[in-house]
Amino acid sequence: MSTAVLIPSAGGRHPPFDLAQGVLPAGPRQALTPHRRLTFVPCRADAREHELVTQRGIAQRLAALMGCELAEGADGMASLGYVIPNDTLMSLAAARRLGIRGEEDLFGGVVPYPFVATKVITHGLLRPDAAAPGGWNPDFNERVRDSVLPGWSVFSVADAREAAQRLLQGGPVRFKPACGIGGAGQSVLHGEADLDAALAALPAEQIEQHGLVLERNLAADVQTYSIGFLRLGSLVASYFGTQRNTLNRLGQEVYGGSTLTVVRGGFEALENLAADDEGARHAVALARTYHEAARDCFPGFLASRANYDVVRGLDASGTLCAGVLEQSWRMGGASGAEVAALQALCDAPARHTARASTVEAHGEFDPLPDGAVLYYRGVDEHVGPITKYALLHED
């Protein structure tokens with residue numbers, strides 16, 4: 001990790017957000033945290049330029065919202081204060097080294113074992129004695145069994161083949177390497193030939209070390225919900241929303257943003273807010289079960305920022321299915337909208353809800369809508385031209 005440095009409020013060479021839109025209103029405000037410093041810790045080694053610039057911008061806005069001095073890095077300071085890592089912290093020891101003792105000390109998550117932060121946590125094993133990493137807790141999988149799609153997590157090529165063959169009897173299967181972010185590296189298997197090709201492209205050592213998920217693939221009327229929980233110091237909020245996809249420069253479908261409705265309070269407040277929307281209400285219930293199972297089954301688990309992708313749609317037989325696909329216990333693609341909504345709630349203490357969006361647009365640099373908070377606009381060496389911004393909706 002880099003030596004800690006204070007970040008100037010103007011943001012450096014690539015301003016992480018439009019300061020004209022990002023200034024907080026003057027006036028007294030109840031302090032959200034006793035911490036005087038907020039430290040962004042870039043601990044994810046493979047983060048790309050557009051991700052890092054966006055993450056720094058989010059950290060800068062949160063520092064202004066919380067009234068904290070902003071710094072970056074993890075070395076050279078006696079106290080990091082409130083910490084924003086750009087990845088889930090993979091051990092309790094790592095959290096302690098950063099001074100994190102509870103949810104009030106970070107924006108993100110802490111897990112006791114690395115596998116807990118990946119896709120493999122979602123599904124159970126083929127059999128009780130199947131290969132699994134240390135710390136595996138079958139109680140978690142029993143708790144969430146009815147809150148996820150049919151599927152298994154495997155840690156050997158033989159188990160992967162058996163799991164896929166069982167699932168293929170009921171229709172196409174989604175093949176998900178544990179280390180992929182979002183949909184990266186995923187494929188849909190329609191038969192043995194697809195299975196052979198997918199396994200041939202993935203080293204056996206990677207499966208054994210990190211694992212692989214095989215689960216029912218949904219074929220029609222598919223909708224993905226974003227369900228989230230946020231604790232920013234003394235402020236607790238939660239949200240439901242939907243994701244949208246866009247096309248990148250290669251014509252591939254990629255994440256294009258989220259629109260969230262955020263409410264003060266935790267999952268109970270969110271369930272009340274979603275009461276009239278059957279799909280959203282069900283998605284909230286599934287995410288809540290998953291969140292509470294992780295909290296109860298993995299001692300030391302912390303998540304002050306939690307986002308759950310919940311899918312709903314028809315499988316190959318026309319059966320309606322719904323389940324949590326995966327979790328994110330770190331700053332993520334929807335965090336620009338989260339911050340915009342949290343700022344709105346702080347600015348108006350009587351306000352109960354706020355609606356905000358993030359947009360990730362590939363290709364030409366079109367004009368921004370009025371009120372947009374720009375996080376990144378440039379040509380990233382990996383993804384090409386991309387614009388990323390957040391927008392608070394006033395309706």
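Val157, Ala160, Arg161, Ala164, Gln165 and Leu168 in helix H5 meet Glu192, Leu195, Asp196 and Leu199 in helix H6; contact here means heavy atoms within 4.5 Å. By class, this contact of H5 with H6 has 6 nonpolar, 1 polar and 3 charged residues. The model is a predicted one, in which local features need pLDDT of at least 70 and side-chain atom pairs count only at pLDDT 80 or more, while totals for chains, interfaces and linings use all residues. Residues are numbered from 1 along each chain as its sequence is written, and side-chain values use heavy atoms, with hydrogens and water left out. Helices (H or I, at least four residues) and strands (E, at least two) are DSSP runs, numbered from the N terminus.

**Helix packing**

- Two packed helices are described by the angle between their axes and the distance between the axes.
- The axes are lines fitted to C-alpha atoms, for helices over the stretch in contact, and the angles run from 0 to 180 degrees between N-to-C directions.
- H5 (residues 157–168) and H6 (residues 192–200) pack at an angle of about 155°, with their axes 11 Å apart. This makes H5 roughly antiparallel to H6; angles over 145 degrees count as roughly antiparallel, under 35 as roughly parallel, 65 to 115 as roughly perpendicular and the rest as oblique.
- H5 and H6 make a right-handed crossing. A crossing is right-handed if the near helix is turned clockwise from the far one by less than a right angle, and left-handed if anticlockwise.
- For H2 and H10, the packing angle is about 15° and the axes are 10 Å apart. That makes H2 roughly parallel to H10.
- The crossing of H2 with H10 is left-handed. Ile58, Arg61, Leu62 and Leu65 of H2 make the contact with Ser335, Gly336, Val339, Leu342, Gln343 and Cys346 of H10.
- The contact of H2 with H10 divides into 6 nonpolar, 3 polar and 1 charged. In this grouping, Ala, Val, Leu, Ile, Met, Phe, Trp, Tyr, Cys and Pro count as nonpolar, Asp, Glu, Lys and Arg as charged, and the others, Gly among them, as polar.

**Salt bridges**

- The count comes to 22 salt bridges, each a side-chain nitrogen of Lys or Arg within 4 Å of a carboxyl oxygen of Asp or Glu.
- Glutamate 72 pairs with arginine 56 in a salt bridge, with the closest N and O atoms 2.7 Å apart. Glutamate 72 sits in strand S3 (residues 69–72) and arginine 56 in helix H2 (residues 49–66), 16 residues apart, linking distant parts of the chain.
- Glutamate 72 is buried, at 10% relative accessibility, whereas arginine 56 is partly exposed at 29%. Buried means under 20% relative accessible area, exposed over 50%, and partly exposed in between (1.4 Å probe, protein chains only).
- Arginine 143 forms a salt bridge with aspartate 296, where the closest N and O atoms are 3.0 Å apart. This pair, too, links distant parts of the chain: arginine 143 is in helix H4 (residues 138–144) and aspartate 296 in helix H9, 153 residues apart.
- Arginine 143 is partly exposed, with a relative accessible area of 39%, and aspartate 296 is partly exposed at 43%.
- Glutamate 338 and arginine 305 join through their side chains in a salt bridge (2.8 Å, N to O). Glutamate 338 lies in helix H10 (residues 335–347) and arginine 305 in strand S14 (residues 305–314), so the pair ties together parts that are 33 residues apart in sequence.
- Glutamate 338 is buried at 0% relative accessible area, and arginine 305 counts as buried at 1%.

**Single residues to look at**

- Histidine 291 is found in helix H9 (residues 278–297) and is buried, with a relative accessible area of 8%. Not counting residues up to four places away in sequence, histidine 291 touches Phe229, Phe267, Ala303, Ala306 and Tyr308.
- Methionine 90 lies in the loop between strand S4 (82–85) and helix H3 (92–97) and is partly exposed at 31% relative accessible area.
- Leaving aside neighbours within four places in sequence, methionine 90 contacts Val111, Pro112, Tyr113, Pro114 and Ala117. Methionine 90 and alanine 117 are 27 residues apart in sequence and 7.4 Å apart in space, C-alpha to C-alpha.
- Aspartate 221, in strand S10 (residues 220–232), has a phi near 50°, a positive value in a residue other than glycine. Aspartate 221 is exposed, with a relative accessible area of 65%.
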